[in-house]
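The following explanation leads through an interface and then through selected points of backbone geometry.

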Amino acid sequence: MDTIISPIALYLICVLGALGIAAALPRRNKALEITGGLVFAAAIGLAVLVLGLNATESGQPLPNYFFYPFAILALGASARMITHPRPVYSALYFILTIIASCGMYLLLSAEFMAFALVIIYAGAILITYLFVIMLATQAPSSASEQFIDETDSVAREPVISCVIGFVLLAILTTAMFRGVSDLPTPSDPETQMALAQDSVLLNLPRKVDRILDRAGVLQDHERVARNEDGTAAIDIVNRTITIENTDLHTVRLLDSDQWPDKLAAGNLDRLGYNLMHDHPMTIEIAGIILLMAMLGAVVLARKHIELEEDLKAAQARKLGDSMSPTAGTGNA
Amino acid sequence: MDHLLHSTQLAQLAFPEAVPAVTMAHYLFVSAAMFVMGLVGFLTRKNMIVMFLCTELMFQGAGLALIAFGRHHLGADGQTFVIFVLCVAAAEAAMALALVVLLFRHKETLSAQAWKELNG
Amino acid sequence: MNPIWTLLLIALPLIGALMVAFGREDRAYGAAMRTMLVTLIPAAVMLWYFDFTLGAVHQGAASVKWIPDLGIKLSIGTDAISLLLIVLTVLLGPIVIAASKTAIKEDRRKYYAWLLVLQAAMVGVFAARDLMLFYICFEFTLLPMFILIRCYGSTNRVAASTKFFLYTFTGSMMTLAGLIYVVYFVAQQTGTWTLDIATLTAIAPRMPVEHQAWVLLAMLAGFAVKVPLFPFHTWLPLAHTEAPTAGSVILAGVLLKLGTYGILRFAIPITPDAFIQYAPALGVLSVIGIIYAGLICWVQEDIKKLVAYSSVSHLGFCVLGLAALNVSGLSGSVLYMLSHGLSTGGLFLMIGFMYERYHTRDMRAVGGLASKMPVWTFFMIFFTMASVGLPGLNGFPSEVLCLISAFQSDASWSAAHEAGAWGTTLGPWFAVFAGTGMVIAAMYLLIMVGKICFGPLREPDDHHAHEELPTDLSRREIWTLIPLAVACLVFGLKPNLLLDAISDPINQTVAAATTSQQPPQPEHHIDQAEDHAMIEPTDTISNPMTEATP
Amino acid sequence: MINTTFLTSTLAMLQDGHAVDTHAPAVTHAATQIAEVGTGPKWILLIIGLPFLTSILCGIYAMIGNKTKLPAWTVVAGSGIAFLTTLAMYMSFDGTPYTVHAFDWIQVHFSSEGGDKSMIANFSFYIDTLTIYWMLFVTGLATLIALYASEYMSHDLGTSYCRFFGAFGLFVFSMACLVMGDNLLMLYLGWEGVGLCSYLLIGYFYKKPEAVAAAKKAFIVNRIGDLGLALGVYLTFVHFGSLEYAVLFNDPTLLGYIESAKTGDFSAIPRMAQWIPLLFMVGAFGKSAQFPLYVWLPDAMEGPTPVSALIHAATMVTAGVYLIARTYPMFLTSEYALPIVAWVGTITALLSATIAMAQFDIKRIMAYSTVSQLGYMFAGLGVLTPTGGVYHVLTHAFFKALLFLCCGAVMHGFAGQLDLRKLSGLRSVKGWGIVTLGMFIGCINLAGVPFTAGFFSKDTIIAEAFVTPGASMIGWILLFTAGLTAYYTFRVFFRVFTGPVEYHAGEEHHGDDGHDFHPHAPGWAVNSVLLTLTVCSIAASGLYFVGGNKDTHTKHYAQTMVMASTANYESPYSKHAIHAAHDSHDPNAGAGPRGTIDHELSMPIIGGDPHKVMYYVSAVFGVVGILLAALLQGPKGWQGLFIGGRTNAAECRMDPIARMCGPIPKMAENKWYVDEIYHMILVTPLRIISHIFHWIDKLLVDGLVNIFGFLPRLLAWILKPSQSGVLQGYAVSMAGGVTILLLVVFVIILQGGVA
């Protein structure tokens, strides 16, 4: 299978998308915006159709059908986000995009990231954006409440940008569609299993202890046996567990049928383990980046008030006057 | 809804099955489209805040691809990187917005076009 | 001779520069002056211990590995020619400092520090025996000079310094390209990378003539700009005019000589066959320069510009001597390098002293100073006469030798017809036309003296007495001039003090250059290499032909 | 000690063609005789050293602010001792030349294939009769004129006085180097040195723009000549391989050339050797103010009069004659050099005599007369009688110095008045007797009145012109010029010294105010010098009768001195040589560089031996000139003999005649506009060229550089709009660039370009 979908259809989608976005970008001609929206919708529809049909033809399973509404929502919202003349709406549409992509994250079994995304992005970052939008936008003049600044109402070089963007999309998708079928897949189910369960559990002996304890497998003074390097003595493939008694120093083997259902490495375990075990330095760097960003934001956003010398003197005099009782009464 | 629940359950059960290529292609298409949309927005919108929003959109596109690939490889690295992307996005938001405020104070406009002191 | 003295000559000014830079502003002059005076000691020691009977051998040589993979070393040593040029440089040091005492009033630390750095770089150029060290020092002379002109020059200094820097730098880049090719070629021949100048000059002449021509052109691009040779001279009047007095003196005294020194040390030995081929062109350019620049001098109103153009004219003689490629020519040329530094340096000092008092260089505004400044006039006439080439002063022997060399260079004019030794590059017509330069030089210099020294007294309208300086030269200024004047007189009456010293290296250079190495003959090369006695391990080049084949 | 027989046999050979022909081939003979040069006693260096020392002393006096006449006495003493030393040198000279080594100067050694060679030019001195002859009058006159100047310059006591005598001493030093140097570079050193001193002394009154201009002109014009000399020197070295006289004039190559030249066969002499005298000649023309280059000398009269007398009349300007006499063997080797010298001398003599006739400034008249007399000397050298030229140098030195000093005395006494229309009858003014006498003696010498020194020396030259084939035209012109000379000389004498007493003060008042002007008569120093020189001028005529040498067939002192030096050449066409040839029945008798004559050349028209006939002919020309002067310029009823009719200073009988001649007198007064013509055809075009070069340099050469410098800027200007400064512009470019790059990569991959 060379391509997932036929290139002609793909390029048609790209062209349509480019036309749609180019037309829908804020401009003086509002009618064109609507047309553009429609064309873009058509492009999305065509994409869904072609992807779905082609996939069906190839005999491979389609993705979870929840994917489609999320995908359409994400793309539509992001299209609206970049085309909406009002920044506030853009931000809101971006929240919509995020929520839609959270759905896709869920479909991709990344539930922690899905909720983290909602919390951090939609909850924190976007709110900051909204604040800044409020802060930095001039109050609309009373004459026309519908007034939109030219900055927002007219896009800059929409055609060339769309051409660049969608040519890039065409290249990316073509490349990805050609390459995605060549991706190495974990073929053997056992290996899949081992990979899936990974050695995470081995490295989390206390978690294993806890789960076994909750499942009632362990008795008093018992715990999962530790290997010499401190990992849990679990055979993942054969699903056996070695348990040792810490008091008596005896060891017993738990069969695979006694394997508790709950004994599995969840997404969060894996993520946390990966983060802490494989990328500790990166965390540090990320922390420093955030710290610096915080400091930078404080420094940048601080208001520099530079007063003229005479103004300063006047302020000082005023201050002095206010402190002296006579002046105070006089002012009062 | 079953499917959704199933996939969550699957997640809990540590990815018993790999993602087929067609599914990957779907996700990748969406991620690329999001990225490109962000790019187009960045190039066309003059409002600095919207431009930064568009960069966030590009982050999202990249994040989706990362998650998808991570799922495909049955590993957690993809998600880890999304965390970092989140970090960078947050840092960028903080800095960029501070900058936007600063710039806005100088020119009383959010238009990126107003800043062309570097023109040749 | 111990290499420590050469090292001291480079190190002391640098240390002095640091002291000046981080010292107090009002002590900058004193510190710089003391440093320059102290550097005279190692120079004197070098002169004392230098064995002039082995003038061609680099003495006081020392070498430290620097970048061994490319064969780059920090390698120093002096032969007679470089020693004399170093002594000239060191001698000019205290003079230019003393000349700056009252002229530079602001930002003295930067000024004196850069002067000292410049001194170190110039000594480095002459002392370097490694191509990389040479080139680095060669280029590094640009920066201090650039700063001196840029920060301490007169009105048009920005344009002048920019043109000075860019022009010479562009030329030097081409030189670098040529030299890199030479290094590459020698590396191919010997199988090892080396930047040792002696090795390069011993082996590089095996290059095919066409390659030599390109390398020569590349080298000349840098050196001719530096000299400056006729069409590449336009930066010089500008730079000279705008530079502070000390800058002009050093520019005329030493920096211009880097070009001729480069031709002598690199262009001739590395590409002898091409040089012989192109020498007539070089001669034509220098003759054109002599006449052309001389005539331009005639119509200058700016006295400093006049002297600057006269430098162009005079250096033409120097290049003519080099182009003649015979013993008298090269001797005359080296002699010219030294004597031009003294006499033109003196002239620039004189103009500087005048400028300090009147703040103008326009000869229409100032004149007839003989009645007001007799001592100044005496020295002015003295240095003018040295510049004109009055016999008995230093300009004369060098001029004679340069012109004779042009005659000699056409062997058919000798009754004995000794071809070969005389060289066959130029001919009597070069000497005749260059000789008109003598007349023109007398013309413009005397007109200059006539305008500035003689006639009724003319002073600028807004002239008022300089608060720090007497009407005529102060004691300090006179003492600044006396060493130069004495040197002019001594070398005019006893040029053999210099000629004997440089005769060994010159004879060797001429012999090496006129003995063609085309086509390559391995045995001959080895002889040549041993003759130089500077070659590094000879076994690496014992069989160049086999190693040359890729 | 002097123990060699340097050159003697060579000299004998060179004396006439006949002697050489009887010998074996001269080349081989001379080759065996090379370079046995004696070394002389070191005290001879006093002649060089003392003047230099006095010069330095004067500098020191200036530094310590001396305000007395000490510098003058120093120089007088220095020059005087130098003169005495010269005399001692003369007395001890035994006929063989020798050298005295002071110190090494320029030595370059070449190790060439043909053995080691050297260029040697030492600071050493070559003493032969020519040197002695020249140094005698140089140092002698220098002493006298220094004494004169001690009074003449006394109004300038102080720094200027020191400056004057410093330069004076330096001049004597340079002149001594010029004359005594033992190689051509030493000669060149002296040559340039006297040029410098001349420059300094002409520009003595440096506040006068004319003086500065004159000084400049003198140096620059001289420098043109110097170029010729320098090139000649270089060529000499390149061709003959030596610069030292002792080696050079013994060089077998040169001797060979001379041999073939003497027979008129110039084809055997290489072209480059023939160039050497032509180049020397240019130098001599410059220094000795000959035709194309004479313009500086009249202007040089801006200097103080003693300077004019010493430098611009007696000594320095004869350096050209010295050069040619010294290198006479080389001049013989060129087919054209001597004829050119003769013709240039003749033209100069005539031209400047005509100019002198129309001048009114007596010092300028003397200047032009100097140029004219130098022309005689050159003509003499050119018509193969170095003796005549050199003899005229001596006589001229005395009487011209005398004339100048008299003019100087007049100038000094009458506050700078030199216009002969404003001076008259000085003979009758009290205290001016000696000046009048000196002037008279000088004038009769210059006019060539019979039995004066000038008469004999001039006759020698003119007579030789008539015996040299093809030169009789030169003879006639010189004769005619002699008449003119007599006229303008006595024009000065009659107008200034005779007639009614009348004088107007000049512009240079020293103490006097213009209203109540009294001429101050010269003091003892001036008078004694004038008297001495008067005596010398008279005595110089005696030299024509004494000092002959039977052994070398010389008839008088000057000839003896010349014949014992490198200039020992006697024309084969002169009577003596022809007779000698006839006696020996030599078929080559009368054969020489100008061709062969088989009979005695006789005086045209008149007939007879020109050497004898010339005494009468030139006397007639001289007397006619004087009579004309008396008639046209003389005072009314002077002694009852002449009826000049001049009753006041300003007008004379010449005036109406001059008016009849139309513009010619005016043109002559304006020097035939030669200066203007030079200015027009040389200076102005050169200056225009210079300006053009200046603009070429500014616009074209520098312009090209600037264009190259501008190219990057142009490129930047073209690319500048792409740098809009707007963030999104850059973003578009970046995104576009990435897209294009990806596209390219992608296309390559699609086409299977990359595995």
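How many residues of chain B are in contact with chain A? In this predicted model, local features need pLDDT of at least 70 and side-chain atom pairs count only at pLDDT 80 or more, while totals for chains, interfaces and linings use all residues. Residues are numbered from 1 along each chain as its sequence is written, and chains are lettered from A and ligands numbered from 1 in the order in which they are written.

On the side of chain B, 75 residues are in contact with 90 residues of chain A, contact meaning that the C-beta atoms of two residues, placed from the backbone, lie within 7 Å. At least two residues each come from α1 (2–12), α2 (21–44), α3 (48–72) and α4 (77–107) of chain B; helices here are DSSP runs of H or I with at least four residues, numbered from the N terminus. The most is given by α4(B), with 22 residues. By residue class, this side of chain B divides into 55 nonpolar, 15 polar and five charged residues, where Ala, Val, Leu, Ile, Met, Phe, Trp, Tyr, Cys and Pro count as nonpolar, Asp, Glu, Lys and Arg as charged, and the others, Gly among them, as polar.

The backbone of chain C comes next. The peptide bond from C:V227 to C:P228 is cis, with omega near -5°, and C:P228 lies in the loop between α9 (209–226) and α10 (235–242) of chain C. In the loop between α13 (303–324) and α14 (327–358) of chain C is C:L325, a residue other than glycine whose phi is positive, near 55°. C:L325 is buried, because 26 other C-beta atoms lie within 10 Å; the cut-off for buried is 20 or more such atoms, C-beta atoms being placed from the backbone.

In chain D, D:A289 has a positive phi near 55° in a residue other than glycine. D:A289 is placed in the loop between α12 (271–287) and α13 (296–299) of chain D and is buried, with 31 other C-beta atoms within 10 Å.

How values were computed
Buried ≥ 20, exposed ≤ 12 C-beta atoms within 10 Å, placed from the backbone.
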